[in-house]
Amino acid sequence: MASSLEIAAPDRSQSEFEKKVDEENDNPIEEVRLTVPITDDPSEPALTFRTWVLGMISCCLLAFINQFFTYRQNQLYVGSVTVQIVVLPVGKLMARTLPKKKFQVPFTNWSCSMNPGPFSKKEHVLITIFAGCGASGVYAVNIITIVMAFYHRNLHIIAALLLAQTTQLLGYGWAGIFRKYLVDSPYMWWPTNLVQVSLFRALHEKEKRAKGGHTRLQFFLAVFVFSFAYYLIPAYLFPSISAVSFVCLIWKNSITAQQIGSGLKGMGWGSFGLDWSTIAGFLGSPLATPFFAIANILGGFALFLWVLVPIAYYLNLFEAKRFPIFSNKTFDSTGQIYNITRVLNPQTFEIDRNAYNNYSKLYLSVMFAFVYGLSFATLTASISHVALFDGKTIWKMWKKTASKDGKNGDVHTRLMKKNYKAVPQWWFQVILIASMGLALFACEGFGKQLQLPWWGLLFSCFIAFFFTLPIGIIQATTNVQPGLNVITELIIGYLYPGRPLANVTFKTYGYISMTQALGFVQDFKLGHYMKIPPRSMFIVQLVGTIASSSVYFGTAWWLLSSVKHICDPSQLPEGSPWTCPGDDVFYNASIIWGVVGPLRMFANLGFYPQMNWFFLVGLLAPVPVWWLSRKFPEKRWIRLIHMPIILGATGGMPPARAVHYIMWGAVGIIFNFYIYRKYKGWWAKHNYILSAALDAGVGFMGVALYVTLQSKDIFGPGWWGLEASDHCPLASCPTAPGIKVKGCPVF
């Protein structure tokens, strides 16, 4: 039977894999065998004084910086890879200077040393995971922001804090339930972790440089310096090269040509970008994504944006020509941006149905409408695909990996079970129960400011629990995670309409607790590869999550309380950076799904009821692929067709645009298809290190530019190339007769 668990290395059958594991005492996935060492030193220090100090500082600092910049017009994100590089020399300095004397912990038999010896790789891994908690963001802060800055309503500080904390912590429960399968199974290989493994090895392992060659660390430093220096061009001197559209430069007065050629506002034909953030900023690093997943994503992208959308637009389905071909805005019947203040009752905080009926239905661009439709299809396709392809394999591997004798699984699982104590299941259960109780208190207490009743919270948690395993399987084997944000908005929009805060709260508990669970599991897998004691991993993740969510909340509350007119560009002084671009999107979503509601969008009262057919399309889409894979088992390429990925390929649109997909796919094909097949030795040594070095160079230059120039409102020389666009202004224009939009010709 074909299985997505086998897709990662389709050249062998599962039985051949198991035979290979027995022969080599290794992992069945070739990328893992080429990257992850099969050795371990249990005596190597891990959770030390240095880990706590550097980890906590890094976690809190990243949380503060990332939340601070979230509210600014020019957003800046600092990831954990930056900390991963910076703490290495600091850790080694602490190892040379701190006293080695042991200290007795008061009232216990425990003793510890501030300096247990050389700075170890395991300490480095734990510090990076600690920092990752601070870099991951707290989705619930968006709720706090729209309540205080957009709706201008009061929110109790304790309710807000509990919302931020519990949405982050609930995922531990789901992670504990499914870790046996998503971590211990050798077929759950989590591709993106291999980037981190490669970088840790490059930074720590002593490697003899071949004559005329270079070590992995030398290669990393060379690429890092190049990436750091080069990013000055697209970030400061010539931002326009981040997205270049030749068609727009040639046909400057044609709306159709610019719709076809724009990489940011259209279909992207002939567009490209010379910027690593264009390639990896929205879809992640293509170097960390398996080629079969890249091929499926590009196939889904092409079918969506180059076939479905243009056919629907030029046939004027859903009155598409009244609006831009590519936009995430909401519109009224005249093609103008929807004025939500005309339909929202400020006293009851609910929709004014008479005002809505007298104004206009809510309209979307045809692209955005189909993005919602395909998100429906992706959800049902994920369930169908996993059930058809992986049902028996899940049960078989569950029984094997759940055994306690340590004999099953790959070498990494056996080493972990042999050398370290597992995290007791009750640890996860206690956190789950405590988080659930505090979440109920936050929703039902404080005057029910969050609007979500107890049954809504429990239902959202059930959704997160139900989808954690199937979506975890997809992410662990493809590096792609289908999201639950749209389906959760849809469900609560039908069940509890007209309440925007109930809608976004339900979405956050249902969507983010699953995302957090998979983030915890992914970190556990990284620790699995790096042979980190599981209990140390758990403690670092728990403390890091509590600390980071507290700092994210505190930073947001401080800015929302102290910056006058924050998030309101019409009231802010000229040049003020506090425009909150991301929160504006979140606010609009709360209006679409919470105030207007899916009943007035995707049911008979709305303009897009046909989108509900996508639920059935997604459910049935994997069936022919599954049938063909069984009928023609010798055709191995058939089982590489992954319908959830194809249908969900454009789920990142927007903010991702055509040029991002095109460049991401091109780089992915070059490295994970051509170089992987022709120069596998080079790929094994350099591919993931290249990805980490490019990310790090961009991150460091971004920080340096902000601190030295952009914080002083110095944004580069004033010339044509300074504009951060693809110079396709007409691509956003409607083409229906009589529609008047500023800056656009009238047909």
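Predicted model: local features only at pLDDT ≥ 70, side-chain atom pairs only at ≥ 80, totals over all residues.
How many cavities of 30 Å³ or more does the count come to? The count comes to one.

Residues are numbered from 1 along each chain as its sequence is written, and side-chain values use heavy atoms, with hydrogens and water left out.

On confidence: pLDDT is the predictor's confidence in each residue, from 0 to 100. The protein chain has an average pLDDT of 85, and 93% of the residues score at least 70. Over residues 1–24 the pLDDT stays under 50, and the model has 62 contacts beyond four places in sequence for that stretch. Contact here means heavy atoms within 4.5 Å.

Now the cavity. Rolling a probe the size of a water molecule over the atoms shows where empty space is left. A cavity is a set of points, on a 1 Å grid over the protein atoms alone, where a 1.4 Å probe fits but cannot get out; lining residues have an atom within 4 Å of a point. Grid points are joined across faces, edges and corners, and a volume is the space filled by probe spheres set on the points. The largest cavity holds about 40 Å³ of space. Its lining is made up of Ile 351, Arg 353, Pro 497, Gly 498, Val 595, Val 596, Gly 597, Leu 599 and Arg 600. Five residues of that lining are nonpolar, two are polar and two are charged. In that scheme Ala, Val, Leu, Ile, Met, Phe, Trp, Tyr, Cys and Pro count as nonpolar, Asp, Glu, Lys and Arg as charged, and the others, Gly among them, as polar.

Next, single residues, with two terms to begin. Helices (H or I, at least four residues) and strands (E, at least two) are DSSP runs, numbered from the N terminus. Buried means under 20% relative accessible area, exposed over 50%, and partly exposed in between, with a 1.4 Å probe and protein chains only.

Start in helix 6, residues 121–135, which holds Leu 126. Leu 126 counts as buried because its relative accessible area is 0%. Apart from residues up to four places away in sequence, Leu 126 touches Ala 46, Leu 47, Thr 51, Ile 532, Ser 536, Met 537 and Val 540. Pro 533 is 407 residues from Leu 126 along the chain, yet their C-alpha atoms are separated by 9.9 Å.

Helix 7, residues 141–150, contains Ile 144. Is Ile 144 buried or exposed? With a relative accessible area of 0%, Ile 144 is buried. Beyond its neighbours within four places in sequence, Ile 144 is in contact with Leu 155, Ala 160, Phe 553, Trp 557 and Leu 560. From Ile 144 to Val 223 is 79 residues along the chain, and 40 Å between C-alpha atoms.

Two serines sit in loops. Ser 285 is in the loop between helix 15 (276–280) and helix 16 (291–314). Its relative accessibility is 12%, so Ser 285 counts as buried. The side chains of Ser 285 and Ser 691 make a polar contact at 2.7 Å. A polar contact is a pair of N or O atoms within 3.5 Å; within protein, one must be able to donate a hydrogen and the other to accept it, and residues adjacent in sequence count only if both atoms are side-chain atoms.

Ser 360 is in the loop between helix 17 (353–359) and strand 8 (363–364). Ser 360 is buried because its relative accessibility is 7%. A polar atom of the Ser 360 side chain lies 3.0 Å from the backbone nitrogen of Ser 333.

On the backbone, most residues other than glycine have a negative phi. Asn 316 has a positive phi, near 60 degrees, and is in the loop between helix 16 and strand 5 (330–331). His 565 also has a positive phi, near 60 degrees, in the loop between helix 24 (534–562) and helix 25 (581–596).

Last, Trp 626 in helix 27, residues 622–631. At 23% relative accessibility, Trp 626 is partly exposed. Trp 626 and Phe 389 are 237 residues apart in sequence, with 6.9 Å between their C-alpha atoms.

Notes: 1 Å grid on protein atoms, 1.4 Å probe; cavity = no way out; pocket = protein on both sides within 12 Å on 5 of 7 lines; lining within 4 Å.
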